[in-house]
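Please look first at how two protein chains can meet, and then at the surroundings of one residue.

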Amino acid sequence: MKQHLLFLTKQAVRMMLLLICVSIAAFFLVSLSPVDPLQANIGQAALGSMSQEQIAKLNEYWGVGQPAAERFLAWASDFFRGDMGLSLLYRRPVSEVIAVKFANSIWLLAIAWVISGAVGFCLGALAGMKQGTWVDKAIKGYSLVIASTPAFWLALVLLMVFAVWLKALPVGLSVPIGMEAAGVTFADRIRHAILPALTLSITGISNITLHTREKMIDIMESDYVLFARARGESGWSIFKNHGFRNVILPALTLQFASISEIFGGSVLVEEIFSYPGLGQAAVTAGIGSDVPLLLGITVISAAIVFGGNLIANMLYGIVDPRIRKGGAGL
Amino acid sequence: MDEKKIILEIQNLSVSFQQYDKGFGRTDLDVIRDLNVTINEGEMVAVVGSSGSGKSLLAHAVLGILPYNSVLGGTILYDGEELTQKRKEELRGNEIVLVPQSVAFLDPLMKIGPQIRKGKNDSESKRKLDRIFEGYHLKQEVQELYPFELSGGMNRRVLVSTAMMGNPRLVIADEPTPGLHMKMVRRVMSHFRELADQGAGVLLITHDLEQALEVADRVAVFYAGTTVEDADVKDFAREETLRHPYSKALWRALPQNGFQFISGTQPYVKELPKGCPFGPRCEYFCEACEREIPYREVRGGKVRCISAE
C-alpha cells in the first residue's frame, strides 16, 4: 500500500513538472511569435480607422507591451487557483470553451483510437504470425505506404472521394449547416465524424500494425515458441497460448502511448474538415495569439497524454506477473 | 543380450544452412554431415560433443523444428518407417518429446500447469498432470506458479514433466543439466534413466562425457558435425577399447585419466579440412585421411577412422 502511494505521489510530481515545463514552453513560443495580435484579429483596415485611445485599450486587452514573464506569472497564479482565464477570441471562460470543443473532439478521438488500436493489433498479430507469406507482405506493404502518407493529404483524398464525388458524406463541420442545435440528431453527428475519424484511424493503424508485427516476430522466434512447436503446438494454439499473451502487453503500452499521436493528428485533420474540436481551437488560438486559450488547451492535452502513458505504465504492473508478483522486476 | 527393437535410426544425416554473402554469392554451410545414431527401445544413448559441434541441431532435425533456411539431408527412420516432416508434426509432443535446457524455453507469462497441459482444461489432462507432479514430488501449487517463480530444484522436474504429458517412446534431452552441481545432475539423470527403463528410447545430448558415462548405455562421439565413434559405455573403461583418436583424446581429458588436453581447436564449419575433420589434430594423420572416410564396424562399435582396428 505504502509502495503504491509513493508511486502515485512520484507520478503526480512528475506530471506537475511536465505541465509547468510545457506551459512555459508554449507561452514563450507564442510570445516570440511575430504575429501582432491586433493586426491578426482586428485587421489592418479596421485598426487604421481607430483612435489612439481605442488602440491603447485593445493593446491592454491583448497584453501587448507587458513583459512576457509578468504575463506568464499572472496566468500561472490564476491557473493554480483553478481559474483558466478568459479566452480573448471567444470572450468566454477558457474552461467553458475547452469543454465545448473537447466534447466535440472526444468522439472523434475515441473512435479513431479504438479502431486504429483494434485493427492495428489484429493486422500486426496476423502479419507477425504469418511472417514471410503473402498475407504478411500485403499487410506490411499497406502499413508502410500509409505510414509514409501525410495525414492531411489522406484527409483531402477522402474528402474528394466521399464528399465531393460521391456526395455520400458531408464536406465538413460537426453538424449540418444552418440547422438549429435542437434539431441536430445523433445520426447527423455520426455522419460528420466519419471522415475525420476514418482519416485518423487509417493513419494510426500503420504504426500500431508495424510495431505489433515486429513484436510478434520476436515472439515467434523465441525459445518458448520453438519449444511449444516441439511439443506439437501449432498455428492457433501457439497464438492462443503464447502469441497473444506476450504481444498484448507491448501492444497495450503502445496503444496508450499512441494517444499523443492521435491528438497531434487531430489538429491537422480537424483543420481540414473544419471540425470544431480541440485541435482546431488550438490552431485558432495559436494564430490569433489567444494566449489563455492556447495555454489551457496545451495543458489539458499534455495532461491527457501523460495520463495515457501513466496508464500504460500501470498496466504493465497489473498484466505482467513478473512485475505484479514483485519478484524479479525486469 | 536380447534383441531390442530399434526406435530411431539416423543415417548420414546432414543439416546445412544457406548463407548469403556480399553480392550474389551463396554458400551452403554444412553444420552437420554424416551423423549416424541408432537408439533402441529402453536404451539411453548419449551424443557427446563439444559446443559448436551441432548437437542441438540434431534434436531440432528429429523434431522438425529447424529454421526455414536450413536443408535437411540423409534419412531418419522412426519405428522402421521414414520420419517425414508430416510424421514429425504428428508425433512430436506425444510420442517424440523434447526436454529443453532450461526454463527459458517456457513461456514467461503462462502458468506452469496450463502451460504443461498446452492450454487444455479438460479433466483428463488435469488428472494426468496431477499424477505426473505427484510422481516427481512436485507440489500441486507449483501448477499455479509462473516460470520465474520456480526454484532451481523444481524447474528440472517441471521440464521433465512436460515430456510426460504425452506417451513418450523417444525422449530427446538437449543439454538438460547446464551449470548444475553433481548431486542435481545425478537426480536429473535418474529421471531420464527411469524413462529408458520404462521402455522409451532416450537421446541425451550433452557436452559432458563424464555425465554421459554414468547413465547412458551407449555413447556416440560427435566432432565438428560428424559422428566419429559409436561405442558401448563399457568401452570407455580403458583407452585401448576405444576406437577413434578423438574419443581417446576425450578419455584422456577426463579428470580420473590425467586431465590431458590435445592442442588445437575444433574446426569451424567453413574451414573444414578435406576428409577426416579431426585430421589436423591427429597423431596418426596420413595422406589417406584426406579422402572419404567410411563409417565401419570395429569390435562391436562403429568408427569413422581408417586406422582403427
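The paragraphs below treat the interface and then a single side chain.

This is a predicted model, in which local features need pLDDT of at least 70, side-chain atom pairs count only at pLDDT 80 or more, and totals for chains, interfaces and linings use all residues. Residues are numbered from 1 along each chain as its sequence is written, chains are lettered from A and ligands numbered from 1 in the order in which they are written, and side-chain values use heavy atoms, with hydrogens and water left out.

At the interface, 21 residues of chain A are in contact with 25 residues of chain B, contact meaning heavy atoms within 4.5 Å. The two chains bury about 2200 Å² between them, 62% of it on carbon and sulfur atoms; buried area is the accessible area (1.4 Å probe) that two parts lose on being put together, summed over both. A:Phe227, A:Ala230 and A:Arg231 supply 31% of the area that chain A buries against chain B, more than any other three residues.

Nine residue pairs, both at pLDDT 80 or more, are in polar contact between chain A and chain B (a pair of N or O atoms within 3.5 Å; within protein, one must be able to donate a hydrogen and the other to accept it, and residues adjacent in sequence count only if both atoms are side-chain atoms).

Within chain B, B:Arg193 is buried, with a relative accessible area of 19%, where buried means under 20% (1.4 Å probe, protein chains only). Its side chain makes a polar contact with the side chain of B:Asp217 (3.2 Å), and a polar atom of the B:Arg193 side chain lies 2.8 Å from the backbone oxygen of B:Val215.

Terms used. Buried < 20%, exposed > 50% of the residue type's maximum accessible area, 1.4 Å probe, protein only.
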